[in-house]
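Dear colleague,

I am passing on a structure that you have not worked with before, and I would be glad if you could look through it alongside the notes below.

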Amino acid sequence: MRFLIALILGIVTGAAAAIGFLYYNPITSQVALSPLSVSDQHQFSLNYSAVADHAIVYTNNGESRMHPHPAKVLQLWEAPIRQTEALVTLLRDARNQPAGFGIKFSSRSERTRLLSGEALVDSVWYVFLPDQGTMLIAQSENYWNFLRDIVVPAQWGTGNGWKGSWHGTITNGPGALGTARVYGGSGAFLGLESEAIESLTAKAYSVELGPVAMDGQLTIELPRRDDELENSTANSVSP
Amino acid sequence: MIKTYITGIVLGVAGVIAALNFVPLVDQHREVSVISVTPNGGNSESFQVNIPMDRIMVGDQDSKSPKPPGIAWPESSMLDGSRTELFKLRNSRNTVIGVASRLAANNDKLGSVVEWVVHLPARGSMYISLAPEAADGGRSGEMRAGTREFDSLIGTVSERWIADTTGAADAPAGRIELVATFVSNKPIDQEESVE
């Protein structure tokens, strides 16, 4: 009996140690620096509120922490879309002026591996800027740092939430440098192929409601026209 | 007894690592894809949206019956001439398999734009651009980009409105049908070398 108790205590200790190591493992921390920060290309940013109640429309399976908005919006309860969220939100430019709106579809990724610090979400943004054009931003996002730094402390804390200042890049692919792919659709973006990143800035998180003070930012790189010309020329002469 | 305790620790660590490695944390539900082979090569797949029951949102400043109720669509003149819709998307067996958005916009700077984004959680996403002019009862266009399963495909897409003719009480008013025809974007010799 003593040996059985010792074995069980050992298993619990080992499991707790392994979980603790995974949780505090510094190797799995994401780099806070944006991969586009070293780029010399022209960039522009679009800002949005990442709080569900601030969205034009936000919907999910209706059982998640974040409640659909408006309350009577159709919920995504069918099995193939139960792990999917849809967000329609106003996008603001760097001067905080409305620039258009964005539609984001995001689904939990089967490539999620907590062992390597990857809590992945596959998502696409459809961006409509009436004065400029339309584009699609396709990315995989990693929420591991967000979960570790905000969600878990909020869950364990006594205040039923988290308050502080957190900023992180959530885009982690599919680009080689951890960037999202951008495909232009119309207007000035017609034919564009570029890169982007999405980042979040959180100030408050509620265990019951999810993010209550959080902003998102899309940073999109625009290749210079002469670069595009060089590329198209190079492509046309290559065998 | 200390040896047993240490053995337990090793088992605990190994158990956590094995569980995280072999037990999938996310398992997306998959419906069988209903794909047919087209005579000239490539594959064809049909999607549909039942109207009005699959409509999640209508974003239109002139809409007399906004959906969902309580939506605060931005009252900005820059959105004049645009209509944005969000749908649940079904396969040809009428099973919901994803979500989709449709934008129809017409302004001085962009001209006329009709675009779809189709998101199938277990498979990937498609970015579809259609010709603004309707012809033969529908519109046709191309897939501009795809992700995951659709990343290696190129193809054409057509959009068609099919009104309901059954007259059943619970029948939809009609359905939007999207038919996509794909071929691989890889050269044939490259595909063979992969095989």
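This is a predicted model: local features need pLDDT of at least 70, side-chain atom pairs count only at pLDDT 80 or more; totals for chains, interfaces and linings use all residues.

**Strands around β2 of chain B**

Residues are numbered from 1 along each chain as its sequence is written, and chains are lettered from A and ligands numbered from 1 in the order in which they are written.

As for the terms, strands (E, at least two residues) and helices (H or I, at least four residues) are DSSP runs numbered from the N terminus, and two strands are said to pair if DSSP finds at least two bridges between them.

β1(B) and β2(B) form a hairpin with 5 residues between them, and in its turn B:Gly41 has a positive phi of about 95°. β2(B) also pairs in the antiparallel sense with strand β10 (residues 174–184) of chain B, over 9 bridges, and there B:Ser46 has B:Val179 in β10(B) as its bridge partner. Strand β4 (residues 82–91) of chain B runs antiparallel to β2(B) and is joined to it by 2 bridges, with B:Arg90 in β4(B) as the bridge partner of B:Gln48.

**Backbone points to check**

Most residues other than glycine have a negative phi, and most peptide bonds are trans. In chain A, the peptide bond from A:His69 to A:Pro70 is cis, with omega near -5°, and A:Pro70 is found in the loop between β2 (57–59) and β3 (84–92) of that chain. The bond from A:Gly173 to A:Pro174 is likewise cis, with omega near 10°, and A:Pro174 has its place in the loop between β8 (171–173) and β9 (180–187) of chain A.

In chain B, B:Asp136 is not a glycine, yet it has a positive phi of about 55°; this residue is found in the loop between β7 (124–130) and β8 (138–146) of chain B. B:Asp136 counts as exposed because 8 other C-beta atoms lie within 10 Å, where the cut-offs are 12 or fewer for exposed, 20 or more for buried and anything in between for partly exposed, with C-beta atoms placed from the backbone. B:Arg148, also not a glycine, has a positive phi of about 50° and lies in the loop between β8 and β9 (153–163) of chain B. B:Arg148 is partly exposed, with 16 other C-beta atoms within 10 Å.
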